Every structure is written in structure tokens, then in C-alpha cells.
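Subject: Structure handover

Hello,

Here is the structure for you to look through. My notes on what was found follow below it.

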Amino acid sequence: MFQILSWIVRYIFIGMIYYFIYSIIRLIYLDIQVIHNRGKKGQAGAYLKLINRIDRLDFDIREFYDLEIETTIGRNKDNDIQILDKYISSSHAKIVEDEEVYFLEDLGSVNGTYLNSEKIHDVTKLKNGDRIGIGQVEFLFVKEVD
């Protein structure tokens, strides 16, 4: 009897391990698929990719935000990227493109804007792979090269 119970527990445990591995591979595949589909639409340039897990935030937010020549971020609906986070100011930050170079500027927000975990005080040049922290949200700055 003990041996049968032992085999059952063993197979359940093995099944759980396979399910865990399947879940991880599925998440990786879906993330790659989103990035691949984004590139197929002909959207080159720069964008922000959300690093946070969406289910851990208590407000709605998109996975990707395309950047324009001037992109404002804040809680106010007049911003290009509106994020309803209580730690984000009405007009929190701005990203500006100048001759294919992007710059990040804090607009006098209460909680500050962070670039690679350091609070910025002046206009700062962005490079591919930089992490932008605004309120509870963290974005990855991605600049695609044609």
C-alpha cells in the first residue's frame, strides 16, 4: 500500500515539474511573439516596454508605448502616456527626440523620475536598455535600429 502511494506522489510531483517548465516556456514564447509581431507591423523607432508584472499593479497599463518626437508621461489625461498611479504626478516626465537621440526630463514631479535607479535632476540622454522608473512603474527604453 505504501509503495503504491509513493508511486502516485512521485508521478504527481513529476507532473507538477513538467507543468512548471511548460508554463515558463509558454511565457517566454508569448513574450517573444509580442515583440516579433510588433516588428512585423513596421513600427521601427523607439518605445517603452513595461518591466513590471501587470497583475501586480492596481491600475491598467499597456505592455508597450511607442515614443513620438515629444512624449509626455503623467496621470493627467492630456499626457501621451497616461498612467493612473497615485505616485505619479499629473505631468511627471517627458521624453524628447532630437536628431534620433532621445532625452528624458523630469517635469518637477513630487516623487521624481529615475534612470537606472538614480534620480535625475536634469535632462538626461537615453540609450538602448536604460531603465526608467516613474512611480510604481518601471520601463525599459528600447531603440530599434533599421
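A salt bridge is a side-chain nitrogen of Lys or Arg within 4 Å of a carboxyl oxygen of Asp or Glu. Please keep in mind that this is a predicted model. By that definition, the structure holds four salt bridges. Three of them are described here.

Salt bridges

E63 pairs with K49, and their closest N and O atoms are 3.3 Å apart. This pair links distant parts of the chain: K49 sits in strand β1, whereas E63 is in the loop between β1 (46-50) and β2, 14 residues apart. E63 counts as partly exposed because its relative accessibility is 28%. K49 is at 14% and therefore counts as buried.

E105 forms a salt bridge with K94, with 3.8 Å between the closest N and O atoms. E105 belongs to strand β6 (residues 101-106) and K94 to strand β5 (residues 93-98), so the pair ties together parts that are 11 residues apart in sequence. With a relative accessibility of 26%, E105 counts as partly exposed.

In the salt bridge of K127 and D130, the N to O distance is 3.4 Å. K127 has 54% relative accessibility and so counts as exposed, while D130, at 3%, counts as buried.

The sheet and T113

Six strands form an open sheet in the order β2-β1-β11-β10-β7-β8, with antiparallel pairing. Its edge strands are β2 (64-66) and β8 (118-119), each of which pairs on one side only. Strands β7 and β8 pair in the antiparallel sense over two bridges, and L115 stands opposite E118 in β8.

T113 is part of strand β7 (residues 113-115). Is T113 buried or exposed? T113 counts as buried, because its relative accessibility is 0%. Leaving aside neighbours within four places in sequence, the residues in contact with T113 include L104, E118, I120, I132 and I134.

The nonpolar patch

A nonpolar surface patch of about 1300 Å² is made by twelve residues that you can find in the model: W7, Y11, F13, I14, I17, Y18, F20, I21, I24, I25, I28 and I32. One of these, I28, is placed in helix α1 (residues 2-40). I28 counts as partly exposed because its relative accessibility is 49%, and the cut-off for exposed is over 50%.

Regards

Methods:
Residues numbered from 1 in each chain as written. Predicted model: local features only at pLDDT ≥ 70, side-chain atom pairs only at ≥ 80, totals over all residues. Heavy atoms only, no water. Helix = DSSP H or I, 4+ residues; strand = E, 2+ residues; numbered from the N terminus. Buried < 20%, exposed > 50% of the residue type's maximum accessible area, 1.4 Å probe, protein only. Contact = heavy atoms within 4.5 Å. Pairing = 2+ DSSP bridges. Patch = residues over 30% accessible without salt bridge, like charges linked within 9 Å, V, L, I, M, F, W, Y side chains within 5 Å. Areas by Shrake-Rupley, 256 points an atom, 1.4 Å probe, with all protein chains shown as cover.
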